[in-house]
Amino acid sequence: MIEVRGVSKSFGTMVALDAVSFSLARGEILGFLGPNGAGKSTTMKIVTTFLAPDAGTVTVDGIDVLTEPLAVRGRIGYLPENVPLYLDMNVQEYLTFVGRARGLAGARLKDRLEWCVEACGLVTEYRKPIGELSKGYRQRTGLAQALVHDPDILILDEPTSGLDPLQILGIRELIKSLAGSKTIIFSTHILQEVSPVTDRVVIINEGRIIADGRVGDLRRSAMGSNRVYVGLRGDAAAAAAALRGLDGVASVDTLPGGGNPRFEVRGPFSGDLVAAVETLARDARWQLTELHEAPYSLEDTFIALTRRAHAAAGAPPEVA
Amino acid sequence: MQGTLTIFRREFSAYFNSPIAYIFIIAFLVFNGGMVMNGFFLTGTADLRGFFGMLPFFLILFIPAVSMRLWAEDKRLGTFELLMTLPLRTREVMLGKYLAAYCFYLVALLGTLPLPVMVAQLGNPDGGAMASGYLGAALLGALYLAIGTFTSGLMRDQISAVILGIVACFLVFIVGEQWVAATIDGWLPGAGSFLRRYLGLAEHYESLLRGMITLGDLVYFVGLSGVFLTLNTLWLEGRKY
């Protein structure tokens, strides 16, 4: 549905994107991740035809963004990072304006407005001037604007930025409810935002794609080893030695803290490390106080991937 | 076409959604009415030459103030990105904006119609000259507005847009003056006369005031407006790269 191939873009001497490639199938939801200034917005601006790439090609539904920008725009609903609102209009006037500009009219326009206002929770604010709306309602109005023509593709740049937790939940639910029927790219610099909505992510840093795949796969490839926390009552040194003796265990670190000894055991993702420790504990008659896998957060993954990208580029790793 | 109409509606109502429209129109009428009355009874002739003669100066200030928001405001609000990702051609959006501002100017100009009515009551004016004077005023506004639309597209900020617009309108006005042309000719023979003839507006506007409507003058106003509007479109499309 969306194909980005080798796209580069510079602003003056600043390289914003460097040979960025990724693709997205119909109906997929993609979380586009990266720190501020990584190139997320620039990529989205190129896909939506607002900017042209210096090099590379982008096609949307098979249509090139450079040769047929109008056809591409018609298929996309776009929420830019700075929500584009006319503050002197009310919600109804604004959505009517965008709907008309996108070629809707008559009963169809009316139906779509009703749907958007309902779906985005704007019923009570429908007649209020946008200038008087709170940040959350402005964001929803922006989202309604992107949905008004029922596009196949949604491109949402930081759709939850500046919202309170409840509002974030609302937007998240809305995106989830659109899953399946629409192809969606949404960007965020907050990693926890992604997992509840999708597991397909592209991570970008300093204008380069540093990871592309399922969240789980990325964790594995980025971190190299699984991690299990073990706590028990008994002799720390003996227990550590026994844990080290387990099949495939790469390292056993004693965790700081008083009381019963606790260990961080690292081993391969394949094979069940937890089960192995359990068997060992039963045989050795340890009394376990703690035994669980400690999945890496997306932050850990992100930091590891960024470090690796730096190392590959020969640059000193940034302190994260 | 439908797209241009949608943009036109939005932009035209944007003028009247805020007090700016009313302030502009009142300022336009008070200033013009006042200045006309100032000299009207002294000269004692039943015509509107004073009004039309002053218009090029006054509009140098007035028109860029009307057009400054056209693009600069969208850039500040972020709606520029919305407009440029709608399935509309840049020139459709541009035309919608330009025509909205132009209609706003025509509304202000219509507000001066009591002047010719008054003149007709007081004397026996040359109706044809007044009509072609109004045509001149409409064409002059179209040209200044094209320049103002262009300068608004260059800027992010309305104040810069209005100042640049005033300077640009002033330049187009001043190169049409005889003494300026003569001075430039002194430096570079032929250049001043060339600019005066093809870029300067004085000659074209004055012949309309005298009641002469020639194809050349119409082509000048419409053509030069078209040039600035095309430049505006090209600039906005070029920003992509």
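Guide: Across the interface of chain A and chain B, 12 residue pairs are in polar contact, both residues at pLDDT 80 or more. This is a predicted model: local features need pLDDT of at least 70, side-chain atom pairs count only at 80 or more, and totals for chains, interfaces and linings use all residues. Residues are numbered from 1 along each chain as its sequence is written, chains are lettered from A and ligands numbered from 1 in the order written, and side-chain values use heavy atoms, without hydrogens and water.

Visitor: What makes a pair a polar contact?

Guide: Two N or O atoms lie within 3.5 Å; within protein, one must be able to donate a hydrogen and the other to accept it, and residues adjacent in sequence count only if both atoms are side-chain atoms.

Visitor: Which helices of chain A supply at least two residues each to the side that touches chain B?

Guide: Helix H2 (69-75) and helix H3 (91-101) do. H3(A) gives the most, with 5 residues. Helices here are DSSP runs (H or I, at least four residues), and strands are runs of E (at least two), numbered from the N terminus.

Visitor: Why is the meeting of Asp88(A) and Arg10(B) called a salt bridge?

Guide: The rule asks for a side-chain nitrogen of Lys or Arg within 4 Å of a carboxyl oxygen of Asp or Glu. Here N to O is 3.1 Å, so the pair qualifies. The count between the two chains is 2 salt bridges.

Visitor: How many residues does each chain bring to the contact?

Guide: Chain A brings 28 and chain B brings 24. Contact means heavy atoms within 4.5 Å.

Visitor: How much area do the chains bury between them?

Guide: About 2500 Å², 60% of it on carbon and sulfur atoms. Phe50(A), Arg73(A) and Tyr86(A) lose the most on the chain A side, together 28% of what that side buries. Buried area is the accessible area (1.4 Å probe) lost on putting two parts together, summed over both.

Visitor: Why do E9(A) and strand E10 of chain A count as paired?

Guide: Pairing needs at least two bridges found by DSSP. E9(A) and E10(A), residues 208-214, have 6, in the antiparallel sense, so they pair. Ile204(A) stands opposite Ile209(A) in E10(A).
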